[in-house]
Amino acid sequence: MFPPTRHHAPVQCRAASWQNGAMFSPVSHFDLFCYGCGGAADLEDAISCARCGEPRSLRVHTLPAVEHLKTRPGSMWHYIDLLPVASPEHVVTLGEGATPLVDALQFARRFGFSELRFKNEMANPTGSFKDRQIAAAVTHARALGARTVAAVSSGNVAAATAAYAARAGLNAVLFMHGHAGQGKIAQAAAYGATVVRVDSPSPSRVFSLCIEACARWGWRHVSTAGMYEPFNVEGAKTIAYELYQQYEGRLPDWVVVPVGGGGLLGGVWRGFLDLQRLGLIEAPPRLAGIQAAGCAPLVRALERGLSFLDTLREPWPNPHTIAGGIADDILFDGHTALPALRMTDGMALAVEDGAIEEGRRLLAREVGLLCELTSAVVIAALPRLAEKASGARVCAVLTGSGVKEIGTLRDQTFAPPLVAPDIDAVRAVLPESVL
Ligand SMILES: [Zn+2]
């Protein structure tokens, strides 16, 4: 059992059972694995490791043939043998995954890298990488016979949960943070979900509320927090599989990702471990996890040498950043995110809000990709990564679309001039650069 934090609900769920032991565990090619002590357990065992107390994660124990890793995916379900799904007929999909890898050579030179590519997760159906995780989580929920799914979100999980629940014919109840942007609330509500905003500065407090509601009303919890529900973070592994194929086996030196709870970082790392176990790569690339300076529990944990259980005892006080998608006060996936950095000789960096805004602006103007502020932390971190890794080949994951935050762009963009329908009137307002 995890040690109590100020707000923690006790974690008593089992990975493969739900609602009074309504067992559904035909995902027999998976077991549970603890990255804290290296111990394996059956899927029916408790999530908490009996030996060290850390949460266990799902792991493929029957590795598939590697043949299908040699053909290009049409969606992330190309890798169904590496996902915890019992049967293809359960799959709930909107075509998520198979996102582009965008080369940015000129941009790379600005920082002194030999190569810089962006994994464009904005191209997913609701505009963020969360579609991968929620597609897998809703698939699992439907296989369990759930009628209603519920999730905690600052925005992207809400949109994804609402969309995939609509696709599956399920109800969705979303607990959104009080600071969630209007655009993201509107996106989630547009799919017909029930949206509740919760007035609390602490994401872990909102999680406790959602877990309590799920227990009371029999909903399936699909939030992307592996310490509660390991099924819900599995979809992120497919980013690693796709990178392996898109780089034709020659993975970059560094993969850089934003970190809130750590599910993306831990998921990508575990995906690379699968490739290593399949004999396709010698070792995962080095990983960099980027946080906002106003909420940086992963950076603090590495600086102080904290264990995952240590981090739970001390949530980040008063998260405050414009990167709302990663303002998590505890590391909901620290049990995989911390070893991801420690085992790959990686690093965690915290960046200031001003640099995040400038990063979004630069990426849009010089590469043509408009990401959300949460994603722009990776751009803000590139100069500091370059200090350590000059000349390296780098891949940065752009997790969510800037279109979701169009309101914040309107605030910051000057109002274009309104002119008479006259060529001289147009000429009078044009900058010299376009003439
Ligand atoms: Zn353990």
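Two strands count as paired when DSSP finds at least two bridges between them. With that in hand, here is a quick tour of this predicted model. There is an open sheet of three strands, another open sheet of six, and a nonpolar core whose largest example takes in 132 residues.

**The three-stranded sheet**
- The strand order here is β2-β1-β3, and the pairing is antiparallel.
- β2 (40-41) and β3 (57-60) are the edge strands, each pairing on one side only.
- β1 (residues 30-33) is held to β3 by four bridges, with the two running antiparallel.

**The six-stranded sheet**
- This one is open too, ordered β4-β5-β13-β10-β11-β12, and its pairing is mixed.
- β4 (101-103) and β12 (347-351) sit at the edges with a single partner strand each, so one side of each has no neighbour in the sheet.
- From one strand to the next, the twist averages 25 degrees.
- β11 (residues 286-292) pairs with β12 in the parallel sense, over five bridges.
- Within that pairing, Gln291 has Ala350 in β12 as its bridge partner.
- Helix α8 (residues 297-304) lies across β11 and β12, and it runs at about 130 degrees to β12.

**The largest nonpolar core**
- Out of its 132 residues, the ones touching the most other members are Val149, Val256, Val377 and Ala381.
- Helix α3 (residues 156-168) supplies the largest share of this core, at eight residues.

**Helices worth a look**
- α2 (residues 130-143) has 14 residues and spans 20 Å from first C-alpha to last, close to the 20 Å expected at 1.5 Å a residue.
- 14 of the 14 residues in α2 are buried, so this helix is largely enclosed by the rest of the structure.
- Just after α2 comes Gly145, with a positive phi of about 90 degrees.
- α3 packs with α4 (residues 182-190) at an angle of about 10 degrees, and their axes are 8 Å apart.
- That angle makes α3 roughly parallel to α4, because anything under 35 degrees counts as such.
- Where these two helices meet, Ala158, Ala159 and Ala162 come from α3, while Lys184, Gln187 and Ala188 come from α4.

**Two loop residues with positive phi**
- Most residues other than glycine have a negative phi, which gives the next two some interest.
- Glu248 has a positive phi, near 50 degrees, and lies in the loop between α6 (237-246) and β10 (254-258).
- Glu248 counts as exposed, because it has 7 C-beta neighbours inside 10 Å.
- Asn318 also has a phi near 50 degrees, and its loop runs between α9 (308-313) and α10 (334-343).
- Asn318 is exposed, with 11 other C-beta atoms within 10 Å.

How values were computed:
Residues numbered from 1 in each chain as written. Predicted model: local features only at pLDDT ≥ 70, side-chain atom pairs only at ≥ 80, totals over all residues. Core = buried A, V, L, I, M, F, W, Y, C linked by C-beta atoms within 7 Å. Buried ≥ 20, exposed ≤ 12 C-beta atoms within 10 Å, placed from the backbone. Expected span 1.5 Å × (residues − 1). Axes fitted to C-alpha atoms, helices over the stretch in contact; angles between N-to-C directions. Parallel < 35°, antiparallel > 145°, perpendicular 65-115°, else oblique. Contact = placed C-beta atoms within 7 Å.
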